[in-house]
Amino acid sequence: MGSDLKTDVLVIGAGPAGSMTAKWAAKHGASVLMIEKRQEIGSPVRCGEGMSKDWLPDVGIKPGRWVNVEVEGARIFSPNETVFEINEKHAGNEVGYVVERDEFDKQLAIDAANAGVEVRLKTAATGILKDDGKVVGAKVKQFGTTFDVHAKVTVGADGFESQVGRWAGIPTNIALKDMDSCLQYRMTNVDCDVRFCDFYLGKVAPGGYVWIFPKAEGLANVGIGVQVSQIRSMAEPRDYLDRWIAHHPAYSKGKKIDMVGGGVSISPPLKQTVMDGFMVVGDAARMIDPLTGGGIANGCIAGKICGTVAAQAAQRGDSSKEALLEYDRGWRARLEEKLYRNWLAKEKLCSLSDETFDKVVDALKDVKLQKLNVHNILKAVRDKYPEVTKEFEAFL
Amino acid sequence: MPSKKSLHIESSGQLCIYCGACVGICPLNCIYLDETRITFDEKVCTRCEICVKACPVGAIEIG
Ligand code: SF4
Ligand code: SF4
């Protein structure tokens, strides 16, 4: 047994959402302990490394050396490879910067530490401490020693594979249709265009897409997400990705220098994100944008709110569910409407045939869209392919 | 009692890339990933095969 610890706020997981939560809780005067089960924050990387950028100032993140390239926009390729270009402002939350994700995560952890957060590596939560139904901390293990951390507020920020939320009693299970299984190679010697993040839709990646995120001239992340409910046999995401690469000479001549994988939720957000003494944030709260698969922005935005509410609760000595609901209301006000809308759009897109995809993208490419919103997209499609519009009636 | 099928996670690094996809999707929360060690709770697992599909590289086999 190690000796037990006491803190105002315990944050489990040092990804972007965890570091943001910890930093903002510390900035608001709380004592904060952030634990990370891995030995190195940000590593291994599990993500495509694309993110939008307009939200960064709002949560206090300054661009640093973690930025690889700044892209102008996104290109959407339909199954017959009709291309539609969107500028960065309208392209959703994975387009803007391509980043060095491990550097980014480390920078956020540094910001948190500099704000006063205590960070412990190789420290895993192994269970939740409860007192009369209320979460009062966690059982943790560090370097083989187990001890208790008593906290006024405990925050689960343990990512897609979150277990803390489930241990605490918040249902975080996801349906097979609400998850993409992802695989990505970093490839060198490829002909990528550093001005764009590219997305290939349709049967090349059922229920997901193939992405190309340029890291530098000749270097790109080439990845795929496939909806788990559409996977029929073992290792299909890898087979789909290898097949796609084989059919694209600009990439098949490349060399793989790195390989990462992961799960991405493409679900609506959790119905419940707080309980007495406990909050869940980021990918663990299924805050990933179900349409784009981007989770960093939402995790950080929610993290700031979560940290602020955690500090207030600790100071007032009231971490009841009612008090913590301020966080729940706060992040929903910022993110929920869009998450639901994009989830519905994702449900629709997953059901489209390749022919329909081709028509939609073809209709879009003719139009100089002033503003890329659902209404304008539908109008463009209706003008050119009226027969396709009925597929989208639900959105009108 | 019918005997359960066997589930094998190839976790020596030959196939598994420690990505956590299986951990997140397992409906019974019975897979554990600790850096480069992956284990599952034999007794809790129902052999539903969901993790087999979710694994992007085919490191989980059931038979
Ligand atoms: S077979 Fe089902 S219950 Fe068993 S580890 Fe896989 S997902 Fe979990
Ligand atoms: S999904 Fe496959 S590769 Fe990823 S951790 Fe599980 S067994 Fe390993």
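Welcome to a predicted model, in which local features need pLDDT of at least 70, side-chain atom pairs count only at pLDDT 80 or more, and totals for chains, interfaces and linings use all residues. Residues are numbered from 1 along each chain as its sequence is written, chains are lettered from A and ligands numbered from 1 in the order in which they are written, and side-chain values use heavy atoms, with hydrogens and water left out.

**Two helix pairs**

Helices (H or I, at least four residues) are DSSP runs, numbered from the N terminus. Their axes are lines fitted to C-alpha atoms over the stretch in contact, with angles from 0 to 180 degrees between N-to-C directions. A crossing is left-handed if the near helix is turned anticlockwise from the far one by less than a right angle, and right-handed if clockwise.

| Helix pair | Angle | Axis distance |
|---|---|---|
| α7(A) (residues 296–316) and α8(A) | about 165° | 8 Å |
| α1(A) (residues 16–27) and α3(A) (residues 101–114) | about 15° | 8 Å |

α1(A) is therefore roughly parallel to α3(A) (an angle under 35 degrees), and their crossing is left-handed. Contact means heavy atoms within 4.5 Å; here M20(A) and K23(A) are among the residues that α1(A) contributes, while α3(A) brings residues including F104(A) and L108(A). By class, this contact has seven nonpolar, one polar and four charged residues. Ala, Val, Leu, Ile, Met, Phe, Trp, Tyr, Cys and Pro count as nonpolar, Asp, Glu, Lys and Arg as charged, and the others, Gly among them, as polar.

α7(A) and α8(A), in turn, are roughly antiparallel (over 145 degrees), with a right-handed crossing. Among the residues that meet are I305(A) and V309(A) from α7(A) and Y327(A) and W331(A) from α8(A). Twelve nonpolar, three polar and two charged residues make up this contact.

**A residue on α8(A)**

R329(A) sits in α8(A), which spans residues 321–350. R329(A) is exposed, at a relative accessible area of 53% (exposed is over 50%, with a 1.4 Å probe and protein chains only). From R329(A) to I305(A) is 24 residues in sequence and 9.7 Å in space, C-alpha to C-alpha.

**Around the ligands**

A residue is near a molecule if one of its heavy atoms lies within 4 Å of it. Around ligand 1 are residues including C26(B), C30(B), C45(B) and C48(B), and this shell divides into eight nonpolar, one polar and two charged residues. Ligand 2 has 14 residues around it, with C16(B), I17(B), C19(B), C22(B) and C55(B) coming nearest. The shell of ligand 2 has 13 nonpolar, one polar and no charged residues.

Methods: Buried means under 20% relative accessible area, exposed over 50%, partly exposed in between (1.4 Å probe, protein chains only). Angles under 35 degrees count as roughly parallel, over 145 as roughly antiparallel, 65 to 115 as roughly perpendicular and the rest as oblique.
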